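Here is a short briefing for a first look at this structure. Please keep the sequence and the 3D view at hand as you read.

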Amino acid sequence: MDNNSAFDAIDSNYLDVLREIGNIGAGNATTALAQMLQRKVDMKVPQAALLEFKELGEAIGGEETIMAGVYMVVEGDINGSMMFLLEKESSRHLVNHMLGGFGDPNAEEFGEMEISVLKEIGNIMTGAYLNSLSDLTGLKIFPSVPEIAVDMAGAILSVPAIEFGVLGDKILMIQTRFTDDIQIDGFFILVPDLDSYHRIMESLGMA
């Protein structure tokens, strides 16, 4: 099966299953977020899409939008990368809650402690998401130590773009909208290689 026909099959037969996996993964991530914040967090039904990389910047609000992005390499039965992105204002809101109101909501830059908190938020939420994927598929998934950047979305997305020729032709994006006292838009972006898509399909009896 060539790349085009493989991804055509994913588009037509598999997106609903990917969406459900994303829904469960995002639900687990929301639970993890609520535990971190020690307060109730609501989640809207996630939106899932298989996108070409060039479409991704626009889909998350434009390449010039300032965001905090946590990035990790994924290895094991699934190979690729995983990202969690939050708009800067949402990131500031979450960090301020985690620091008990001691963060500076008006600061232009994040301090060292705030960056550490952001990394931990991203690490726990992507970990919860990947654990759901592992539980549902029975596949072993090993994430690397996360890296974090606060920059324009286009610059953050250039990290997986550098590896993109190796990792595949399409990206699974899950947009998840959380609310506590403000709305928080988060984006989970999973970039498996083509073989990993097939392994996921096989694990679910769809290949």
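Which residues in α3 meet which residues in α4? S91, R92, L94, V95 and M98 are the ones in α3, and they meet E114, V117, L118 and I121 in α4. Keep in mind that this is a predicted model.

**How α3 and α4 pack**

- The axes of α3 and α4 lie 10 Å apart, and the packing angle is about 100°.
- The range for roughly perpendicular runs from 65 to 115 degrees. The two helices, α3 and α4, are therefore roughly perpendicular to each other.
- Several residues of α3 are buried: K88, S90, S91, R92, H93, L94 and V95.
- After α3 comes G100, with a positive phi near 65°.

**Salt bridges**

- Side chains of opposite charge can pair when their charged atoms come close.
- The model has three salt bridges.
- One of them joins E114 and R92, whose closest N and O atoms are 2.9 Å apart. E114 belongs to helix α4 (residues 112-137) and R92 to helix α3 (residues 88-98), so this pair ties together parts that are 22 residues apart in sequence.
- E114 and R92 are both buried.
- K40 and D42 also meet through their side chains, in a salt bridge of 2.3 Å from N to O. K40 is exposed, at 62% relative accessible area. D42 is partly exposed, at 36%.
- R177 and D185 form another salt bridge, with 2.7 Å between the closest N and O atoms. Is D185 buried or exposed? D185 has a relative accessible area of 14%, so D185 is buried, as buried means under 20%. R177 is partly exposed, with a relative accessibility of 31%.

**S91, a buried residue of α3**

- S91 sits in helix α3. Its relative accessible area is 0%, so S91 counts as buried.
- What does S91 contact, leaving aside neighbours within four places in sequence? The contacts are A68, L86, F110 and L118.
- L118 is also among the α4 residues that α3 meets.

**L86, on strand β4**

- L86 is found in strand β4 (residues 80-87). L86 is buried, with a relative accessible area of 3%.
- Not counting residues up to four places away in sequence, L86 touches M67, A68, S91, L94, I184, D185 and G186.
- Two of these, S91 and L94, are buried residues of α3. Another, D185, is the salt-bridge partner of R177.
- How far apart are the C-alpha atoms of L86 and I184? They are separated by 7.7 Å, although the two residues are 98 residues apart along the chain.

- I66, V150 and M152 make a nonpolar surface patch of about 210 Å².
- M152 lies in strand β6 (residues 147-152). M152 is partly exposed, at 37% relative accessible area. A residue needs over 30% to be part of a patch, so M152 passes that cut-off.

Terms used: Residues are numbered from 1 along each chain as its sequence is written. This is a predicted model: local features need pLDDT of at least 70, side-chain atom pairs count only at pLDDT 80 or more; totals for chains, interfaces and linings use all residues. Side-chain values use heavy atoms; hydrogens and water are left out. A salt bridge is a side-chain nitrogen of Lys or Arg within 4 Å of a carboxyl oxygen of Asp or Glu. Buried means under 20% relative accessible area, exposed over 50%, partly exposed in between (1.4 Å probe, protein chains only). Helices (H or I, at least four residues) and strands (E, at least two) are DSSP runs, numbered from the N terminus. Contact means heavy atoms within 4.5 Å. Patches are made of residues with over 30% relative accessible area and no salt bridge: like charges are joined within 9 Å, nonpolar side chains (Val, Leu, Ile, Met, Phe, Trp, Tyr) within 5 Å. Accessible areas come from the Shrake-Rupley method with a 1.4 Å probe; for residues, only the protein chains shown count as cover. Axes are lines fitted to C-alpha atoms, for helices over the stretch in contact, and angles run from 0 to 180 degrees between N-to-C directions. Angles under 35 degrees count as roughly parallel, over 145 as roughly antiparallel, 65 to 115 as roughly perpendicular and the rest as oblique.
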